[in-house]
Amino acid sequence: MGDLEAAEDAVQDACAAALLQWPTEGVPSNPRAWLTGVARHKAVDRLRRDARRSEKEAEAMRDEEGRGMLPDDSRELPDDELGLIFMCCHPALDPAVRIPLTLRSVCGLPTAEIAAAFLVPEPTMAQRLVRAKRKIRQAGIRFGVPAPDERPARLDAVLRVAYLVFTQGHLATGGPALVRGELCDQAIRLARALAALLPGEPEAKGLLALLLLTDARRDSRTGATGEIVLLEDQDRDCWDRAMIAEGEALLTQALAAGRPGPYQLHAAIAACHSCAPSAAATDWREIAALYGQLLRYEPTPVVESNRAVAVAMTEGPAAGLVLLEAAGLHPQLAHWPQFHIARAELLRRLDRAAEARDAYQSALRLDPPAPERAHIQRRLRTLA
């Protein structure tokens, strides 16, 4: 249709029709194709009712006839999700909105969660998304995986999407659970598809390696009742060794290309954790050095904060706190619970209990996920 917002409306109409028909008529043999076909018919009906858009109606009718995608069509479109991601990451769109638009339209993340991930107010993010959808319609941006010579211009944004989807699953910004496995799985699936689509791109391999090395620890990150288990307390026997081995192999292949990048560095940091035989054997000095290199590619306060924590593990909490508080001068970190938690932990190790309590309270005011909130409350009880 050339109109993302209208397409979303058509899909919602199709889902509503499914909720009415499927319970009585049965689920079709290919539910996805049924929804696609009905959504297309709904979209054409909407265009017919809009006399001012007769040209688009004719185009949609020609597309309908050419595709032959009737509700009972059994064909699958394996590249449709990648195509939608590449559309949302089109160079004509504002760089600040490409990734949020993909997270909303492709992955279905609520606007509030996307705003939290980008550390901006929710109304601001909502306005950006509306403007982006309007731009897609006005600029006639087409759906589909671009030609090979057009892919490099969108590569960074597309890789970033898969990374942020994983981040939202690995450490949810809200809700009852710390880990949202379905988002982690979706991000890994997207990263695999991108690595296959771009076999000569080391950053695509680096991203997939990062996600595998990190997700290998998923089952040990929470306890039986959903409580947080800190990295140093995790049972390393529960880590997925096959995923770790695959991640290491991919990282080795990526580094061999001699074109380092941020995802390869992130993956190398994850490998330092995943490959250490114990928490005490973790090479924190190497991790701090890798974060220093990462700052060349991502000079962000979040990377600075992570480097500060690594420095604290090698040079002591006082040295780490100096760096962390310098990073905290950036206003965005005031909205990031992990910054306040990290600061509280360093203050606690320095026996500055009153300041640690204040930092933990700052994190609680940002409404972190329930397991993280429970962890903070346990720390507060200990300090009390």
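Student: Which residues make the contact between α11 and α12?
Tutor: Arg-241, Ile-244, Leu-251, Ala-254 and Leu-255 in α11 touch Gln-264, Ala-267, Ala-268, Ala-271 and Ser-274 in α12. Contact means heavy atoms within 4.5 Å. By class, that contact has seven nonpolar, two polar and one charged residues. Gly counts as polar here, while Asp, Glu, Lys and Arg are charged, and Ala, Val, Leu, Ile, Met, Phe, Trp, Tyr, Cys and Pro are nonpolar.

Student: What kind of model is this, and which residues qualify?
Tutor: This is a predicted model, where local features need pLDDT of at least 70 and side-chain atom pairs need 80 or more, but totals for chains, interfaces and linings use all residues. Numbering starts from 1 along each chain as its sequence is written, and side-chain values use heavy atoms, without hydrogens or water.

Student: What makes α11 oblique to α12?
Tutor: α11 (residues 241–256) and α12 (residues 262–274) pack at about 140°, axes 10 Å apart. That makes α11 oblique to α12. The classes: under 35 degrees is roughly parallel, over 145 roughly antiparallel, 65 to 115 roughly perpendicular, the rest oblique.

Student: Why is α15 called roughly antiparallel to α16?
Tutor: α15 (residues 317–327) meets α16 (residues 337–349) at an angle of about 150°, with axes 9 Å apart. α15 is therefore roughly antiparallel to α16. Their contact has seven nonpolar, one polar and three charged residues. Glu-325 in α15 is among the contact residues, as are Arg-343 and Arg-349 in α16.

Student: How do you know that Glu-201 and Arg-259 form a salt bridge?
Tutor: Their closest N and O atoms are 3.9 Å apart. The rule asks for a side-chain nitrogen of Lys or Arg within 4 Å of a carboxyl oxygen of Asp or Glu, so the pair qualifies. Glu-201 sits in the loop between α9 and α10, and Arg-259 in the loop between α11 and α12, so the bridge ties together parts 58 residues apart in sequence.

Student: What makes Asp-215 buried, and which residue does Asp-215 bridge?
Tutor: Asp-215 has 7% relative accessibility, so it counts as buried. Asp-215 bridges Arg-218, with the closest N and O atoms 2.9 Å apart.

Student: How many salt bridges are there, and which residues form a network?
Tutor: The whole structure has 13. Glu-113, Arg-180 and Glu-182 form a network. Within it, Glu-182 and Arg-180 meet at 3.7 Å, N to O.

Notes
Axes fitted to C-alpha atoms, helices over the stretch in contact; angles between N-to-C directions. Helix = DSSP H or I, 4+ residues; strand = E, 2+ residues; numbered from the N terminus. Buried < 20%, exposed > 50% of the residue type's maximum accessible area, 1.4 Å probe, protein only.
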